[in-house]
Amino acid sequence: MLGQVTDAIAFPEGPIPERRREALVAHGDERDDHWYWLRGRDDPAVLAHLEAENNYLETVMAPTRGLQEEIYQGIVARVQETDLSVPVRKGQWWYYSRTVEGQGYAIHCRRPAGSEDNEAPAPPTSEAPAPPTSGAPVPPTGGAPVGEEILLDENELAKGHEYFALGTFELSPCQRYLAYAFDTHGNEHFQLRVRDLATTSDLPDVLHDTCAGAAWLGGDRGGSASDSLCLLYTRPDEIERPYQLWSHDLGSDPSDDSLIYQEDDERFYLGVGRTRDEEVLVFELHSKITSECWVHDAWRRDGEWHCVEPRRHGVEYSVEHHPLPPESLLAAIEGLTGSESAAPPIPETPVPSAGEASTGIAGTLLIVTNDKEPDFTCMIAPAGTPGALHWRVLIPHDPATRLEAVEPFAGHLLVSERNAGETRLRVLPLRPEEPTEGAPTAAFVIPVPDHPSTVFSGMNPEFTATRVRYEHTSLASPRSVHDYDLVTGKDTLLKTLPVLGGFDATHYRTERHWARADDGTMIPISLVYRADRPAGVPGPALIYGYGAYEISIDPIFSIPRLELLDRGILFAIAHVRGGGELGRSWYESGKLLSKKNTFSDFIACASYLIDEGFTTHDAIVARGGSAGGLLMGAVANLAPELFRGIVAEVPFVDCLTTIMDESLPLTVIEWEEWGNPKSDPEAYAYIKSYSPYDNISDTRYPLVFTTAGLNDPRVGFWEPAKWVAKLRSANAMNRAILRVELGAGHHGPSGRYEAWRDEALVQAFILLALGLAPQGAEIPPPGHPISTK
């Protein structure tokens, strides 16, 4: 059904908390903040105000309760509630997760693989849909497969908790033990446990206040020994930064755990993992623009950790491992990448330079780095002597392509790239001395059927695999899972996300458009809309943006979004600068003292949709979250007349005050993204000039829907609370709704059913703002100053 846009509605004034003036002084500048006190989490008046905001939301949105239920039921009706992921082979087991109708969380399972069982398991019931094209086996969608072992049932863990999130799920090399961690508050503090899969019971080891992520050290290469295992994990400091690496022996008292490393530079976060071939443990220290990696033989409990290359400001790198020596690896892909170098040959048995200690690790490190080129190259070095002195180009820089990752396998390299604003996967075969007949000998890009779209590497845990598991999706195409056979060249479709209710992808159109920014830069926009939307007739639209941290908002399919599309709403993604869609320069031209490009880009994209006749200024809503919420606040200040409504989820709208406060999580590390207003007057003045909270005027603003999480460690709940209070105070006609999750954090409610209800509420607001929901009296359009005196 295609909707007709009518006048938006009026609703009652919202609660405005009392003013308590706080003078904030820096660099000779004074700002008055009347709602600074709202950050006092333990102040009863703060909690009372947050509850008043939730009550106001219930009052304002009451006329849409029927619509919310209709949207929610529409989402549920399209979902295959009892479903199974495509199983992944690791050793003698198939691993997968499944969902059950009525249950909000995943169940993680495995079943034994037969000696000849190399294909994804065929469906055990008739409930599975037929393969769309290939005739390949499709995973079951019914009950539990024969021989199933349940490793972890998130539904059981979530019982009795308002919030639940799984943060670690790490199998030991012998596949007997499972390390898992969960958060039940939304504050991203995880409880880490170890389950013995042979007995299906947890060990007494319980590690509190850990960060997400863990890795196993020790064991046996044959996958049988388990008595020499220890678990590596990280802990946060007082500002929620993972900064310590610890080791824990199974069965021991956690108080006896050993501290391996502590990072005292507050710009750097610490993470730990194991390379794809499981031979090397890596812990990485990374700021926004600099990194440093340390390596250790993954099977040896003794020995030292070795730094690959000491941190250098602005140089980023990550490492992977391949058992082949460097010269053999170069020979295996000779001529495929244009990487031949005049550098001297690398000896097969590396000899450390004077004063350089050998890591004792054989094989080659693959190092993806921006050391020489901004969009990254892949270098190699002997794993025994991995310093930059020994680096040699394996995959050279391509000025049109952003190299994002290189996954090594025994017989090929899988390269994740970004080209022309889209992702792609490239395969580099490692040619053996006696190649298999029919096996590829040249590099190739895995083809995709539509554009714009997103393709990415799937679950590929077996280092010796001769198939590439990958996934593909677009704004109009449900996610599909494929196996590409490198021996036969056959691309097998394993599963397409089931979309019930008569879904037909041909009923939707997706396109790529380009808008011209103020400085002439062309900004990509991804669109999707129903094919029967009247051509040349402006209609309702929703435009989404983010634009920070080099995070790309790629076009992916969404079942809940169908509820908007089928009501005639066009959906657009503005791929603004500050993201990573078009490479490193795209990111750098939307950060620090170029941050305002992000905002003007978004306005240019919205204006393009209006100028090209897709929509009108009174029929478009903007949406973004977190740093994208800052974007929403900024464009609301800059062009309030352009939008009918704004959805800003957990928005970073009080950015100047937050970035000035080193006691808050993320502050110091954020200076490399936004600038340091505490020590740099220029950065202070620049951030102040766009900070959404600091630049609210008495202009009539669009309708605003915003959210906060009381336990959010990333964006303080007080930021949207202050923003809403100031919007209402600035103009008596401004209407803003704040929803506060009192038991959750940055990512909102947990569990799929609760997430769908939350999305139904947001969509009901969007329809309300567009005049496509129950409505009342007309209010003046945004953008017109109204006296409040």
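Predicted model: local features only at pLDDT ≥ 70, side-chain atom pairs only at ≥ 80, totals over all residues.
Which backbone nitrogen does the side chain of His322 reach? The side chain of His322 gets to the backbone nitrogen of Leu324, at 3.1 Å. Residues are numbered from 1 along each chain as its sequence is written, and side-chain values use heavy atoms, with hydrogens and water left out.

**Figure 1. The whole protein chain.** The chain has 13 helices and 39 strands; helices (H or I, at least four residues) and strands (E, at least two) are DSSP runs, numbered from the N terminus. Out of 789 residues, 59% are buried, where buried means under 20% relative accessible area, exposed means over 50%, and partly exposed is in between (1.4 Å probe, protein chains only). Take the contacts between residues at least 6 apart in sequence: 63% of them join residues at least 24 apart. Contact here means heavy atoms within 4.5 Å. The accessible surface is about 30500 Å², and 51% of that belongs to carbon and sulfur atoms; the areas come from the Shrake-Rupley method with a 1.4 Å probe, and for residues only the protein chains shown count as cover.

Figure 2. H2 runs over residues 65-78, and its 14 residues reach 20 Å from first C-alpha to last, close to the 20 Å expected. That expected span is 1.5 Å times one less than the number of residues. Buried residues of H2 include Leu67, Ile71, Ile75 and Arg78. The buried residues of H2 pack against helix H1 (44-61), helix H5 (562-565) and helix H13 (752-769). H13 itself is mostly covered, with 15 of its 18 residues buried. The end C-alpha atoms of H13 are 26 Å apart, which agrees with the 26 Å its residues should span. After H13 comes Gly771, with a positive phi near 80°.

**Figure 3. Aromatic pairs.** The structure holds 20 aromatic pairs. Rings of Phe, Tyr and Trp (its six-membered ring) pair if their centres lie within 6.5 Å; planes under 30 degrees apart are stacked, over 60 edge-to-face, and the rest tilted. Tyr180 and Phe182 count as stacked because their ring centres are 6.2 Å apart and their planes at 20°. Tyr180 is buried at 0% relative accessible area, and Phe182 is buried too, at 10%. Tyr261 and Phe283 make a tilted pair, with centres 5.0 Å apart and planes at 45°. That pair links distant parts of the chain, with Tyr261 in strand E15 (residues 258-262) and Phe283 in strand E17 (residues 280-286), 22 residues apart.

Figure 4. Thr290 sits in the loop between E17 and strand E18 (291-297) and is buried at 4% relative accessible area. A polar atom of the Thr290 side chain lies 2.9 Å from the backbone nitrogen of Gly314. Leaving aside neighbours within four places in sequence, Thr290 is in contact with residues including Phe268 and Arg311. Those two have their own arrangement: the charged end of Arg311 sits over the ring of Phe268, 4.3 Å from its centre. Sitting over a ring takes NZ of Lys or CZ of Arg within 6 Å of the ring centre and within 35 degrees of the ring normal.

**Figure 5. His322 in its strand.** His322 belongs to strand E20 (residues 317-322) and, at 1% relative accessibility, is buried. Not counting residues up to four places away in sequence, His322 touches a set of residues, among them Asp277, Thr364, Pro408 and Phe463.

Figure 6. Most residues other than glycine have a negative phi, and most peptide bonds are trans. Gln175 has a positive phi of about 65°; this residue is in the loop between strand E8 (165-171) and strand E9 (177-183) and is buried at 12% relative accessible area. Tyr549 also has a positive phi, near 60°, and is found in the loop between strand E34 (541-545) and H5. At 23% relative accessibility, Tyr549 is partly exposed. His451 and Pro452 are joined by a cis peptide bond, with omega about -5°.

Definitions and conventions
Polar contact = N/O pair within 3.5 Å; in protein donor to acceptor, adjacent residues only side chain to side chain.
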